[in-house]
Amino acid sequence: MIVELPPTLYDDAVALWHAVGLTRPWNDPMTDLLRAVEGPSSTVLAMVADDVLVGTAMVGTDGHRAWMYYVAVDPAAQGAGHGRALVHACEDWARAHGAPKVMLMVRTTNAAVLSFYASLGYEVNEVATLGKFLS
Ligand SMILES: CC(C)(COP(=O)(O)OP(=O)(O)OC[C@H]1O[C@@H](n2cnc3c(N)ncnc32)[C@H](O)[C@@H]1OP(=O)(O)O)[C@@H](O)C(=O)NCCC(=O)NCCS
């Protein structure tokens with residue numbers, strides 16, 4: 001079952017993101033989570049089975065496109081189609097919010113996961129992503 005992440009599972013979501021290596025010292029994952037669930041144009045979707053968190057995906061729109069972050073499945077439950085279901089749920093959310101395209105960034109250190117997205121119809125866009133932290 002995929003639902004909006006309930007507050008009772010916020011800590012489990014952060015623990016999952018740490019466990020699968022999606023966190024970085026410069027991003028506080030709980031702050032990221034709260035910003036996404038409290039904002040008007042984003043959410044965190046959760047795959048839940050018997051009240052246990054199986055996977056997550058953050059999705060939001062920026063007024064132009066939708067973006068996915070923190071796509072993660074519990075290592076013990078990977079390879080069973082949950083990741084695909086979560087990405088499809090993000091696509092449904094994006095459609096429902098008027099976004100014509102869904103995007104995501106993959107760290108160069110996580111290139112192995114590109115096959116997962118390729119199997120879901122995602123293509124590598126030949127662009128450099130630039131960023132700047134705002135103080
Ligand atoms: C990437 C991730 C979410 C995939 O979740 P999953 O539940 O294992 O994936 P699924 O079982 O839905 O797999 C869907 C398809 O992708 C393929 N696939 C899944 N993981 C793959 C991988 N690492 N490499 C290649 N193919 C992969 C599956 O074989 C399947 O193909 P099929 O449709 O032909 O059967 C999961 O491996 C994960 O949490 N990884 C760590 C966190 C991460 O890197 N997230 C992505 C950040 S950009």
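At what angle do the axes of helix α1 and helix α2 cross? Here are some notes to go with the model.

1. This is a predicted model, in which local features need pLDDT of at least 70, side-chain atom pairs count only at pLDDT 80 or more, and totals for chains, interfaces and linings use all residues. Numbering starts from 1 along each chain as its sequence is written, and side-chain values use heavy atoms, with hydrogens and water left out.

2. Helix α1 (residues 10–19) and helix α2 (residues 29–38) have axes that cross at roughly 125 degrees and come within 10 Å. Axes are lines fitted to C-alpha atoms, for helices over the stretch in contact, with angles from 0 to 180 degrees between N-to-C directions.

3. On the α1 side, Y10, D11, A13, V14, W17 and H18 meet P29, M30, L33, L34 and V37 of α2 (contact means heavy atoms within 4.5 Å). By class, this contact has 9 nonpolar, 1 polar and 1 charged residues.

4. S42 lies in strand β2 (residues 42–49). A polar atom of the S42 side chain is 2.8 Å from the backbone oxygen of A36. Beyond its neighbours within four places in sequence, S42 also touches residues including V59, G60 and W93.

5. Now the ligand: a polar side-chain atom of R84 lies 2.3 Å from one of its oxygen atoms. For Q78, a polar side-chain atom is 3.3 Å from a ligand oxygen atom, while G81 has a polar backbone atom 2.8 Å from a ligand oxygen atom.

Key: Helix = DSSP H or I, 4+ residues; strand = E, 2+ residues; numbered from the N terminus. Polar contact = N/O pair within 3.5 Å; in protein donor to acceptor, adjacent residues only side chain to side chain. Nonpolar A, V, L, I, M, F, W, Y, C, P; charged D, E, K, R; others polar.
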